[in-house]
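Subject: A structure for you to look at

Hi there,

Here is the structure I promised to pass on to you. Please open it next to this email and follow along as you read.

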Amino acid sequence: MSAQPDSEVSPPRSAGQAPDARLLTEAVTRLRRALRASIRTDYPWETLPMAQVELLQVLGEHSPARVSDLASRQRLAPSTVSGLIGQMITAGLVARDVDPADRRASVVTLTDAGREQLAAWTAAHERRMDAALAALDDAERRAISGALPALFRLAENLGESADGAADGAADDGLGGDALR
């Protein structure tokens, strides 16, 4: 596969859009699509929607958390997160408890099953990524490794610019998330 995007798949270039921005957007989109599709190779029983996986990831880093905090972190409507959490409670992946800091509020925590699911999902992705990286030559692997700090800073910058966006522009969980 060529490093350059196919002209048929490339989005039209708008005025003032830098070629690097367009190519990076396309590369991230292709990477996310390939990761989602390839997980079925090592982890064929995986059925969790990405929105739930991403909530598990956030809870893995920030648990316990209030639904409103999860919604803010994921840039989703609280009602959307509440619905996802309900599905995840039914699946046994998370539990809702009383917030010890404010007994009127509740917090969400990962269950042991949720931690196990997240660990298995993460390990499967890492195996797929390791295999894909091993297929690259040394120079390509070094280039990717060297770009990682800048990609994390880019994700932070995208997050900061989204923080300044209008409150009514919450993501519906169907795509457009920043690199993680």
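A crossing of two helices is called left-handed if the near helix is turned anticlockwise from the far one by less than a right angle, and right-handed if it is turned clockwise. Helices here are DSSP runs of H or I with at least four residues, strands are runs of E with at least two, and both are numbered from the N terminus.

Two notes on the source. This is a predicted model, in which local features need pLDDT of at least 70 and side-chain atom pairs count only at pLDDT 80 or more, while totals for chains, interfaces and linings use all residues. Residues are numbered from 1 along each chain as its sequence is written, and side-chain values use heavy atoms, with hydrogens and water left out.

First, the overall layout. The protein has 6 helices and 2 strands, and from the N terminus they follow the order α-α-α-α-β-β-α-α. Of its 180 residues, 24% are buried (under 20% relative accessible area; exposed is over 50% and partly exposed is in between, with a 1.4 Å probe and protein chains only). Contact means heavy atoms within 4.5 Å. Among contacts between residues at least 6 apart in sequence, 52% join residues at least 24 apart.

Now to the inside. A nonpolar core is a set of buried Ala, Val, Leu, Ile, Met, Phe, Trp, Tyr and Cys residues joined through side-chain atoms within 4.5 Å. The largest one has 24 residues, and L56, L70, V81, I85 and V94 have the most contacts inside it. At least two core residues come from each of α2 (50-61), α3 (67-74), α4 (78-90), β2 (102-110) and α5 (112-134). Helix α2 gives the largest share, 6 residues. Leaving aside neighbours within four places in sequence, L70 is in contact with L55, V58, L59, A65, V81, I85 and V108.

Two packed helices are described by the angle between their axes and the distance between the axes. The axes are lines fitted to C-alpha atoms, for helices over the stretch in contact, and angles run from 0 to 180 degrees between N-to-C directions. α2 and α3 pack at about 110 degrees with their axes 11 Å apart, and are therefore roughly perpendicular (65 to 115 degrees; under 35 is roughly parallel, over 145 roughly antiparallel and the rest oblique). The crossing of α2 past α3 is right-handed. E54, L55, V58 and L59 of α2 meet L70, R73 and Q74 of α3. These residues divide into 4 nonpolar, 1 polar and 2 charged (Ala, Val, Leu, Ile, Met, Phe, Trp, Tyr, Cys and Pro count as nonpolar, Asp, Glu, Lys and Arg as charged, and the others, Gly among them, as polar).

The axes of α2 and α5 come within 10 Å and cross at roughly 110 degrees, so α2 is roughly perpendicular to α5 as well. Here M50, V53, L56, Q57 and G60 of α2 meet G114, Q117, L118 and W121 of α5.

Not counting residues up to four places away in sequence, Q52 touches L84, Q87 and M88.

Finally, two details of the backbone. Most residues other than glycine have a negative phi, and most peptide bonds are trans. S63 and P64 are joined by a cis peptide bond, with omega about 0 degrees, and P64 sits in the loop between α2 and α3. R75, in the loop between α3 and α4, has a positive phi near 55 degrees.

Happy exploring!
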